[in-house]
Amino acid sequence: MAVLRKDQREWVSLFAEDAFVEDPVGAARYRGPRRLAAFWRVFIAPQQSIVFRPHREFVTPSVVVRQVTIETVTPVSPQPLPVEAILEYRLRGEVITSMRAFWNPRGPVVWHLRRGARGLWGLIRHGGR
């Protein structure tokens, strides 16, 4: 819900002090509250809206895995960008120790490129990670 409300402080507070985000898996890991806040500023804050459409879920006391479609409305286009993903959350009690997102960057790259110069600029802004 913190993402839907665009509440960075609440979102970061969901994570343990030593937690990390790897989104997508294979990209840089963002570890600790300062780096998680940086991840938020670069990848979540610029989106005009983010909607999670869950398909399946696997839940245990220490692991939550969700198959979702994430639809974002970006500054590039009012047309939502859909991303099919598997999200894996590791938990320690009630705090998240890691969040790993498994998705193929090819689809979002092609989506951006099809939007011309604005899409290319959007890719360049995110490419610094």
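Predicted model: local features only at pLDDT ≥ 70, side-chain atom pairs only at ≥ 80, totals over all residues.
## The chain as a whole

Let's begin with the big picture. The chain has 129 residues, and its radius of gyration is 15 Å; a compact globule with that number of residues would come out near 14 Å, so the two values agree. Taken along the principal axes, the box filled by the C-alpha atoms is roughly 45 × 30 × 30 Å.

How much of the chain is buried? Buried residues account for 39% of the 129. The accessible surface amounts to about 7,800 Å², and carbon and sulfur atoms supply 57% of that area.

## Helices, strands and contacts

The secondary structure consists of five helices and six strands.

Taking the contacts between residues at least 6 apart in sequence, 47% of them join residues at least 24 apart.

## Two backbone features to spot

Most peptide bonds are trans, and most residues other than glycine have a negative phi. You can find Pro-24 in the loop that runs between strand 1 (15–22) and strand 2 (29–31).

The other place is Lys-6, which is not a glycine and yet has a positive phi, near 60 degrees. Lys-6 belongs to the loop between helix 1 (2–5) and helix 2 (8–13). Its relative accessible area is 33%, so Lys-6 is partly exposed.

Is Gln-47 buried or exposed? Its relative accessibility is 8%, and because buried means under 20%, Gln-47 counts as buried.

Setting aside residues up to four places away in sequence, Gln-47 touches Lys-6, Thr-72, Val-73, Thr-74, Pro-75 and His-126. Although Gln-47 and Lys-6 are 41 residues apart in sequence, their C-alpha atoms are 9.3 Å apart in space.

Strand 5 (residues 77–92) includes Arg-90, which is partly exposed at 37% relative accessibility. Its contacts, leaving aside neighbours within four places in sequence, are Ser-62, Val-63, Val-95, Ile-96, Thr-97 and Ser-98. Arg-90 and Val-64 are 26 residues apart along the chain, with 6.6 Å between their C-alpha atoms.

Val-59 is part of strand 3. Its relative accessibility is 52%, and since exposed means over 50%, Val-59 counts as exposed. From the C-alpha atom of Val-59 to that of Tyr-89 is 9.5 Å, with 30 residues separating the two along the chain.

Asp-18 is found in strand 1 and is partly exposed, with a relative accessibility of 41%. Which residues does Asp-18 contact, leaving aside its neighbours within four places in sequence? They are Arg-31 and Arg-92. Asp-18 and Glu-84 lie 66 residues apart along the chain, and their C-alpha atoms are separated by 27 Å.

Terms used
Residues numbered from 1 in each chain as written. Heavy atoms only, no water. Helix = DSSP H or I, 4+ residues; strand = E, 2+ residues; numbered from the N terminus. Rg over C-alpha atoms; globule rule 2.2 N^0.38 Å. Buried < 20%, exposed > 50% of the residue type's maximum accessible area, 1.4 Å probe, protein only. Contact = heavy atoms within 4.5 Å. Areas by Shrake-Rupley, 256 points an atom, 1.4 Å probe, with all protein chains shown as cover.
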